[in-house]
Amino acid sequence: MPRITEEFEHQAKKQSFRYDKQNQSKIVRQSGKLPDNSEEGLVVQSIGKDFLVKVSSNDEDIQLVECVTAGRIISENENSSMVAVGDKVGIIIPKKNKDGLSSGKIVSVHKRVNCFSRTTVYKQSREDILAANIDKALIFSAAVEPEYNRRFIDRLLITAELNLVEPAICINKIDLLYDEDLTDDFEIYKKLGIKVFFISALKEEGLEQISNFIKDSVTLLCGASGTGKSTLINGLSGKSIQKVTDISDKTFKGKHTTSATRMIEFGWGGNLIDTPGLREFALWGLTKNDAALYYHEFDEFSSQCRFTPCTHTHEPECVVKDAYEKGLVDAQRYESYLNIFDSLEE
Ligand SMILES: Nc1nc2c(ncn2[C@@H]2O[C@H](COP(=O)(O)OP(=O)(O)OP(=O)(O)O)[C@@H](O)[C@H]2O)c(=O)[nH]1
Ligand SMILES: [Mg+2]
Ligand SMILES: [Zn+2]
């Protein structure tokens with residue numbers, strides 16, 4: 001049976017050692033020999049340091065194994081979260097012994113095709129991966145309770161484009177508010193070619209658009225707490241598989257109900273990854289000078305700026321800034337750009 005062992009062994013000569021900064025007790029190598037008894041699996045859930053790995057020898061024989069990471073681990077991914085939902089991993093399945101079943105051990109992590117990351121909230125300049133190997137991202141917000149924040153949405157859109165993930169914006173709770181002001185506020189995204197869905201997860205309105213979007217793909221579901229992500233999962237599956245809690249009566253903020261990142265597979269061929277509500281989202285992997293490239297409505301003006309490169313913030317004869325002043329560029333988007341530009345390092 002062809003195994004990733006061969007690929008790793010091939011590279012064994014250029015072994016590199018490093019410590020995982022998150023967990024000083026682990027030795028991480030980028031290549032090496034895997035134990036003979038390791039099996040291939042897919043990480044379908046993560047909560048803190050505990051993972052659930054799906055191992056399937058064929059479609060009927062599926063096993064879910066609780067795992068932690070081994071003390072020595074081979075990861076082909078550099079300087080990032082060690083293991084994330086969506087990662088393909090090698091694990092050692094525990095044997096039953098007289099004390100019951102012990103945890104499995106993740107011994108290797110395959111190279112990721114892509115991932116969706118932010119900068120860690122607790123420590124600067126470390127990549128925090130929300131999920132790995134994803135095709136699409138459903139950027140989830142609510143019309144009200146809690147009200148959406150377009151700058152937050154813009155950060156997630158940039159992250160999707162940076163990682164070659166197809167984004168869509170979903171505005172939930174339209175049973176509470178659905179008017180022209182709301183739909184007008186998202187016209188600009190439609191003009192930019194981004195899909196925008198207006199739904200009510202609770203009343204199960206508009207869910208067909210979502211199932212069409214996520215069909216035959218792995219889609220990350222991400223957004224602030226209390227917006228209704230888990231309610232959507234329950235609506236799509238027709239079952240109460242994810243816990244849902246009311247938002248705070250006073251602040252209209254969510255209560256951070258979902259604590260695990262979990263991939264849910266729907267029988268009809270879509271996979272949706274429910275995530276804990278995001279409190280903040282600091283961009284990862286984007287430099288100050290590249291930020292404007294992700295605001296595509298600037299494209300038609302930026303080539304005419306007097307200076308190249310132009311940051312479109314203060315330069316004289318900047319055609320983008322001029323277009324903003326004349327109302328030719330969406331004001332909120334230009335201000336969102338300035339906000340992101342200021343938050344990034346050179
Ligand atoms: N009115 C209305 N309420 C909704 C809708 N969708 C969800 N809710 C309510 O919003 C609250 C929060 O829903 P959750 O599904 O727990 O939100 P979440 O995004 O998963 O929150 P976290 O797990 O904390 O990130 C619950 O009281 C839901 O019943 C909707 O379409 N309309
Ligand atoms: Mg939830
Ligand atoms: Zn300019």
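Helices (H or I, at least four residues) and strands (E, at least two) are DSSP runs, numbered from the N terminus. The structure is a predicted model, in which local features need pLDDT of at least 70 and side-chain atom pairs count only at pLDDT 80 or more, while totals for chains, interfaces and linings use all residues. Residues are numbered from 1 along each chain as its sequence is written, chains are lettered from A and ligands numbered from 1 in the order in which they are written, and side-chain values use heavy atoms, leaving out hydrogens and water.

- Ser230 belongs to helix H6 (residues 229-237) and Thr258 to the loop between H6 and strand S16 (261-265), so the pair ties together parts that are 28 residues apart in sequence.
- Ser230 is buried at 7% relative accessibility, and Thr258 is buried with a relative accessible area of 14%.
- Buried means under 20% relative accessible area, exposed over 50%, and partly exposed in between (1.4 Å probe, protein chains only).

**Helix H5**

- In H5 (residues 207-214), the buried residues are Leu207, Ile210, Ser211, Phe213 and Ile214.
- Down the axis of H5, these buried residues fall within an arc of 160 degrees, so they line one face of the helix; the arc is that of the directions from the helix axis to the C-beta atoms.
- Glu208 and Asn212, on the other side of H5, are exposed.
- The buried residues of H5 pack against strands S12 (136-142), S13 (166-172), S14 (195-198), S15 (218-223) and S17 (271-274), and against H6; contact means heavy atoms within 4.5 Å.

**Lys253**

- Lys253 lies in the loop between H6 and S16 and is exposed, with a relative accessible area of 56%.
- Lys253 and Pro146 are 107 residues apart in sequence, yet 5.6 Å apart in space, C-alpha to C-alpha.
- Not counting residues up to four places away in sequence, Lys253 touches Ile247 and Ser248.
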